Amino acid sequence: MNEPEARSANLLGAMSLLVAGAVRDAVTEAVGAGGALGEALIAIKDQPGRTADWLAGVLHISQPGTAHLVRRLTEQGWITRDSEGRRRPLRLTPEGERRAADALAARQAVLTRLVGRLSGEQRAQLAAVAEAVLGPEARSEQTLAELCRLCDRSVCRECPVHAGLLRACGG
């Protein structure tokens, strides 16, 4: 790897840490609780009716960690678990919907502030770079859920991750 490539990769890594930390802090503050609670709320809002096993895969947490997370979400009154035998779908309560919306709004505010540092041309370049990096990563519905677990789908109508999944599946 030559010096400009190495520098670009290094800057991408630093920028990723900046964005991830700022989003994590904003979501934690909006939800009023740390850990994976905010991510879980947004993931369940995006795909209601999925199971705890699905959530564990999306958030990359262990089964015991997922059980604890689901218990905390339930105790907060943010989710319900339908009774359908072993498959117990997770759904947000009205309060959970509000918390998820608050988390998404906080996330959007942080990202808008960061992107606001860029010119219009730079924002277009950033979108093109993000699409080029994200699209090829989508190889399964699981990967799509993992990459977009904090996305506000209403903002990203032409999702490059979903488009990449469709290309990977021959669709």
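Visitor: By class, how many nonpolar, polar and charged residues does the lining of the largest pocket have?
Guide: Happy to start there! This is a predicted model, where local features need pLDDT of at least 70 and side-chain atom pairs count only at pLDDT 80 or more, while totals for chains, interfaces and linings use all residues. Residues are numbered from 1 along each chain as its sequence is written, and side-chain values use heavy atoms, leaving out hydrogens and water. Counting Ala, Val, Leu, Ile, Met, Phe, Trp, Tyr, Cys and Pro as nonpolar, Asp, Glu, Lys and Arg as charged and the others, Gly among them, as polar, the lining has 28 nonpolar, nine polar and eleven charged residues.

Visitor: Which residues are closest to the centre of the largest pocket?
Guide: A pocket is an open set of points on a 1 Å grid over the protein atoms alone, with protein on both sides within 12 Å along at least five of seven lines; lining residues have an atom within 4 Å of a point. Its volume, the space filled by probe spheres set on points joined across faces, edges and corners, is about 2,100 Å³. Of the 48 lining residues, the closest to the centre are V19, R107, L111, A130 and L134.

Visitor: Which element gives the largest share of the lining of the largest pocket?
Guide: The largest pocket has a volume of about 2,100 Å³, and the elements giving two or more residues to its lining are α1 (3-31), α2, α5 (94-115), α6 (120-134), α7 and α8 (160-168). Helices (H or I, at least four residues) and strands (E, at least two) are DSSP runs numbered from the N terminus. The largest share, twelve residues, comes from α1.

Visitor: Which residues line the largest cavity?
Guide: A cavity is a set of grid points where a 1.4 Å probe fits but cannot get out. The structure holds one of 30 Å³ or more, and the largest has about 30 Å³ of space. Its lining divides into four nonpolar, one polar and three charged residues. They are A43, D46, Q47, W54, A145, C148, R149 and R153.

Visitor: Why is helix α3 largely enclosed by the rest of the structure?
Guide: Buried means under 20% relative accessible area, exposed over 50%, and partly exposed in between, using a 1.4 Å probe and protein chains only. Helix α3 (residues 52-59) is largely enclosed because six of its eight residues are buried. Those residues are A52, W54, L55, A56, V58 and L59.

Visitor: How many residues apart in sequence are the parts that E39 and R149 tie together?
Guide: The side chains of E39 and R149 meet in a salt bridge (2.5 Å, N to O), meaning a side-chain nitrogen of Lys or Arg within 4 Å of a carboxyl oxygen of Asp or Glu. E39 lies in helix α2 and R149 in the loop between α7 and α8, so the parts tied together are apart in sequence by 110 residues.

Visitor: Which residues are linked with E95 in a network of salt bridges?
Guide: E95 is partly exposed at 27% relative accessibility. Its closest N and O atoms to one partner are 2.9 Å apart, and to another 3.1 Å. The residues linked with E95 are R98 and R99.
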